[in-house]
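Student: I have a new structure to read. Where do I begin?
Tutor: Begin by looking; then we take the features in turn.

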Amino acid sequence: MKKTAGIHHITAIVGNPQQNVDFYASILGLRLVKKTVNFDDPGTYHLYFGDEDGSPGTAITFFPWDEGHRGKVGDGQVGLTSFVIPKGAMAFWESRLAQFKVVFSKAVRFGEQSLQFHDPDGIALELVEREEGKTSTWQFAGVTADTAIKGFGGAVLRSIQPQQTTRLLEKVMGFARIGEEDGYIRFQSEADLGNVIDVVKTPSERGRMGVGTVHHIAFRVEDDSDQLEWKQYLEANGLGVTPVQDRNYFYSIYFREFGGILFEMATDVPGFAIDEPKEKLGENLMLPPQYEELRPQLEKILLPITVRTRD
Ligand code: ZN
């Protein structure tokens, strides 16, 4: 059996891009590590936020569709995205969210306290304190190394066929089943970030893709050859897998798992410093070679965005 290290990135559909940057960079303090376009729809941005490098296990990414149709959160999607903060940072985040008028609630799942809230488009998020996971060195507007989000804690999956999804995670993708409580089954992988997946045991209503919903969740593979092994292995397990797509910062294959959720397997390499220096990540619009000649038109279509401090 093969094993994924855990989550590589999570991608959601949101509305206005500046509103997206203001929330994830200015309030949550993540680094905008890449400003590029959706390679399948170059008239729209693809924005990536993460730790200082956008390391695998830290990158939340967005397709902003300003004025796009709203989706509906439900089964067949990631229902909640969890971020890890350092031990002792919860009080800081409570007051920071309050300062920016982000409504939050407190919850407990598998014995862990969390702060739960939504981004401006309705994406469900939470913060949990954990010891593990490398400290992010990216500091922004009051978020310091001892409070900064380290990366993903994990995700809650809402499946239309939870038994199939849990079987896939445990028997095919190499997650360990570590607990069951209050309607969730918990799985864990070996990485120290992006390593916890909770599956909701009982299906409810089907989701619909659109603004305010998660589009897909990507899991980590090492490199090109590991990815080809995964492709064959997933196909041998009955999944319909796409050909390898060059995403410039990683290579990807996609499949819709039996519970309706779009899964991707993305390589850890080459990473975001492949087309701009690490100190300048996210500052300029970076285009893959096939779209470079469209740059003048794209720069006119895409709404300008800036990373700025907010009061
Ligand atoms: Zn992706």
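**Reading salt bridges and the fold**

Tutor: Start with one pair. E276 and K34 form a salt bridge through their side chains, 2.7 Å from N to O. Keep in mind that this model is predicted.

Student: Which parts of the chain does the pair of E276 and K34 tie together?
Tutor: Place each residue on its element. E276 sits in the loop between β16 (262-270) and α5 (295-301), and K34 sits in strand β2 (residues 31-38), so the bridge ties together parts 242 residues apart in sequence.

Student: Are E276 and K34 buried or exposed?
Tutor: Under 20% relative accessible area counts as buried. Both E276 and K34 are buried.

Student: How many salt bridges does the structure hold?
Tutor: The count is 26. One of them joins K3 and E190, with the closest N and O atoms 2.9 Å apart. K3 lies in the segment before β1 (7-14) and E190 in the loop between β11 (184-188) and β12 (196-200), so this pair ties together parts 187 residues apart in sequence. E190 is exposed, at 66% relative accessible area.

Student: Which residues are linked in a network of salt bridges?
Tutor: The network links R109, E112, E126, R130, R186 and D198. Take E112 and R130 from that list: their closest N and O atoms are 2.7 Å apart. E112 is in strand β7 (residues 112-118), while R130 is in the loop between β8 (124-129) and β9 (151-158), 18 residues away. Both E112 and R130 are buried.

Student: Now the whole chain. What is in it, and what does it span?
Tutor: The protein chain has five helices and 16 strands. Its C-alpha trace spans about 45 × 45 × 35 Å along the principal axes.

Student: How do I read one helix?
Tutor: An α-helix has 3.6 residues a turn, so residues three or four places apart point the same way. Now the case here. In helix α3 (residues 162-172), the buried residues are P162, T165, T166, L168, L169 and V172. Their cover includes β9, β11, β12, α4 (224-236), β15 (250-256) and β16.

Student: What follows α3?
Tutor: G174 does, with a positive phi near 85°.

Student: What is the general idea for backbone angles?
Tutor: Most residues other than glycine have a negative phi, and most peptide bonds are trans. So look for the exceptions. F110 has a positive phi, near 50°. F110 lies in the loop between β6 (104-109) and β7. At 18% relative accessibility, F110 counts as buried.

Student: Where is N248, and what is its phi?
Tutor: N248 is in the loop between β14 (245-246) and β15. Its phi is positive, near 70°. N248 is buried, with a relative accessible area of 18%.

Student: Which peptide bond is cis?
Tutor: The one from V269 to P270, with omega near 5°. P270 lies in strand β16.

How values were computed: Residues numbered from 1 in each chain as written. Predicted model: local features only at pLDDT ≥ 70, side-chain atom pairs only at ≥ 80, totals over all residues. Heavy atoms only, no water. Helix = DSSP H or I, 4+ residues; strand = E, 2+ residues; numbered from the N terminus. Salt bridge = Lys/Arg side-chain N within 4 Å of Asp/Glu carboxyl O. Buried < 20%, exposed > 50% of the residue type's maximum accessible area, 1.4 Å probe, protein only. Contact = heavy atoms within 4.5 Å.
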